[in-house]
Amino acid sequence: MPSVLSCKRCAVDGKEQMLLAEERPDLIESLDPGCNANNNSRSCSRSACLREEERERLSIHESLDYLTSHSKVYKKWLQGQTYRMDWDRWLLMGLIGIIVGTLGFLIHQIIDYLIKLKWELVENYIQFFCPTGAPSGLPEVIGFLNGASIQHIFNIKTFGGTFLSCVLAVASGLFCGPEGPMIHLGAIIGYGLSQFKSEILGIHLPSLTRFWNSADKRNFITAGAGAGIASVFHAPVGGLLFTLEEVASFWDIKLAWQTFFCCMMAAFTTDLLSSSLSGFVYRGQFGFFKAEKRILFWVKNLLDMSVLAFVPAIFLGILGGLLGALFVFLNIKINKLRMWFFSTIPKTSLRKTAKLLEAVLILVLTITATVYVPYFFHCTPVKILPMFDLTSKSENISHAMWQISEYNCPPATLHIRPDLTKNSNQTFNEAAALLAESGMRGIMYLFRRGTHEEFGYASLFTALVFYFLLSCLTAGSAVASGLVIPMLYIGALYGRIVGLILVSILGVQYGAWIDPGLFAAVGAASFFSGVSRLTISLTVIMVEITNDVQSLLLIMLAVMVAKMVGDWFNMSLYSSLLKLKCIPYLDVEPFVCHRKNWLNLELFAARDVMKPHVKVLRLKENIAFLAQLLTNTSHSGFPVVYKSKPDQAEVFLGTITRLELCVLLENEAIFETEAMEGSHSSPIILPYQKIRVEKLHDQQWMTVLLGRYSTDPQYQQLFINLEPYINKSAVSVQANFSLQRTYVIFRSLGLRHLTVVNLQNQVVGIITRKDLMSFQLEEKLGLQRTPQQPHSDEESLIQEEI
């Protein structure tokens, strides 16, 4: 007996029926094994033909339905609910922010503590081991919020592994940051607190059952992801805008307010705890938010701008777009090679061991570069030393350089002159300061103003090459790592190089705006945009983490140019990873290419991409028929039709999901016979609480049950009345409805199925998420007609259907 959810083709009258398949059949029906010969998809950067194994990987992801089934039992359940002012929702949003903020504080403190411990335990050589964990998880979170069901990304095991892997990876010295994992951890907290149930821990809290639906789950995950960014960067507004621009696919003003509140609480909690604790050591002054502590890369000295500064900003934008596109290209190639290599290892234990060894190898390469490369550089006197203020971050920077100088530089001595001024002969190793230090501290060095001669061309170019290559290699490995810090660092390195060139050509006397630190910040924003293609949120985050409002226009210009240049070559890194991982993600706008030309979907109709010959259900269905249907197909939903009069045609009424049918079949008390139809006894109706489940508790038992229903003759005489459980608000479109607008409706509403009807409201097809993927649209529309030969006008369609 096949599994209930197995992928199987149902032969009816000698024809294969691929009906409402939400898994493999829904993806591969009517597709040739290879690419369409007439479709040169390589000329279109956003879409490409998929190999058969990629189609198989893509097919395992089901879709989520964010609209609650508007059935009779649902409305009855709503009537029994008391009116609430959403106080519990706001309470949960605040609680999520507080916990995410605390988590961000812990991550920073643990990383700082481990880095300090690492420097105390070693003198000349670093021998620090980092176990592997899960990758950052950001593409999976983006895919889930887009409507794709991805398993095991929000459980407690993933949380523990990501947290441990993140702090050890960053503290070990790998070229990565905690941002991506913090977004994932925040999303897990948002999911866990709102649902407050765990199969692993056996926890269930009945008072939060009203949030046990896909729409509320999506909103809390969105808020948690934004809180992760707000906490790790101390940037609440940036966290809000990041979720809007990159993470969330569904947005409204109510969710914006709640996410804003959650991000505010996360940033406040992190700032509050960080105000008096450093490396888990109490420093006093609890509740005093000092600028040098709260602002991550605080720029003290703001510079007067000149209109001439926009010229190098444009150049940095172009450079950021080019290097960002190159970074995306190389990283995707490396990850494809990585995935291919691991797929050749058949044994799971050996595959995990290979991933661990790869992470160790990357760590060894990184440590080798950071330890031995600085020995090829001589010691440089510190040209501008900050005043030694025991309560300022400047002392931390000076102390860090003191540690770095132990590589091959003599120890410094401090002299106090008779006039009480301080003088020091401190020297430091430029390459060691850029490579051996943590990414955050290195960015502080590069952003500092008035330090024109602190780093030379050789150290900057060397650090740029190593950071670019090793960051590209690290991203995608089996460690929970983020790319924001490496992106900022790489951009700051070439931005400072451009600043040094301007100083060499024009001199500092030409204007205060000719400062390598200024162009390091602009370069950081440009490379960040070139890789991620972010604009609005990135600009706000840069201002929040530097406090440099004066360079706002330069950052905006560089970010816009970098995005435009990068989009010319390829997609963003996150979009490329979604495609690489075969997650069915729907972009804001569909991009479909045929014969080197972009197709205008307004010239096509829903009928061009729908699955025809749809298997439908009636209001009253036979138990044996339902059991056979569920056994022989893997479809996740079915349209329901009815006749208002016996002599009329069946018309579309609503939909019912596969899971709901399985729950109904588990309860034999609701089965009816033909004789019960005319009786006056009230039928038994399952309450909405029993229908609202996420998965079957015992799938094997359900398989056995369906087998019995299919073979036992007594179930041939039993029926189920589906009318109370049908979603009568299911969305449908006519067959001649614009395909462009069909796509917008499907994505905007977060649909799982979209029924296609004719002018008489009869079901003629079905559209699912995978039917609207770019490669599917390419192949289906390429076989239909060219853009110059659209459907005939509406009048001929009406005549055809009538």
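Biologist: In helix α16, the residues counted as buried are Gly-439, Met-440, Gly-442, Ile-443, Met-444, Tyr-445, Leu-446 and Phe-447. What does buried mean here?

Modeller: A residue is buried under 20% relative accessible area, exposed over 50% and partly exposed in between, with a 1.4 Å probe and protein chains only. Helix α16 spans residues 439–447, and with eight of its nine residues buried it is mostly covered. The model is a predicted one, in which local features need pLDDT of at least 70 and side-chain atom pairs count only at pLDDT 80 or more, while totals for chains, interfaces and linings use all residues. Residues are numbered from 1 along each chain as its sequence is written, and side-chain values use heavy atoms, leaving out hydrogens and water.

Biologist: What counts as a helix or a strand, and how many residues of strand β22 are buried?

Modeller: Both are DSSP runs numbered from the N terminus, helices being H or I with at least four residues and strands E with at least two. Strand β22, residues 753–757, has five of its five residues buried and is mostly covered. Both of its faces are covered, with His-753, Thr-755 and Val-757 buried on one side, and Leu-754 and Val-756 buried on the other.

Biologist: Which strands pair with β22, and in which sense, parallel or antiparallel?

Modeller: Two strands pair if DSSP finds at least two bridges between them. Strand β21, residues 732–734, pairs with β22 in the parallel sense over three bridges, and in this pairing Gln-734 stands opposite Val-757 of β22. Strand β23, residues 763–768, pairs with β22 in the antiparallel sense, over five bridges.

Biologist: Which other residues have a positive phi without being glycine, and are they buried or exposed?

Modeller: One of them is His-234, whose phi is near 55° although the residue is not a glycine. His-234 sits in the loop between α8 (214–233) and α9 (236–247), and its relative accessibility of 6% makes it count as buried. Another is Cys-582, also not a glycine, with a positive phi of about 55°. Cys-582 belongs to the loop between α22 (573–580) and β13 (593–594), and with a relative accessibility of 4% it counts as buried.

Biologist: How do I read the packing of α18 and α19, and what is the angle between them?

Modeller: Helix α18 (residues 484–506) packs on helix α19 (residues 516–532) at an angle of about 135°, and their axes are 6 Å apart. That angle makes α18 oblique to α19. Helix α18 also contains Ile-497, which counts as buried at 6% relative accessibility. The C-alpha atom of Ile-497 is separated by 6.9 Å from that of Leu-460, although the two residues are 37 residues apart along the chain.

Biologist: What is the strand order in the open sheet of three strands, and which strands stand at its edges?

Modeller: The order is β15-β17-β18, and the pairing in this open sheet is mixed. The edges are β15 (617–618) and β18 (651–657), each having a single partner strand, so one side of each is left without a neighbour in the sheet. Strand β17, residues 637–642, pairs with β18 in the antiparallel sense over six bridges, and Tyr-642 stands opposite Val-651 in β18.

Conventions. Axes are lines fitted to C-alpha atoms, for helices over the stretch in contact, and angles run from 0 to 180 degrees between N-to-C directions. Angles under 35 degrees count as roughly parallel, over 145 as roughly antiparallel, 65 to 115 as roughly perpendicular and the rest as oblique.
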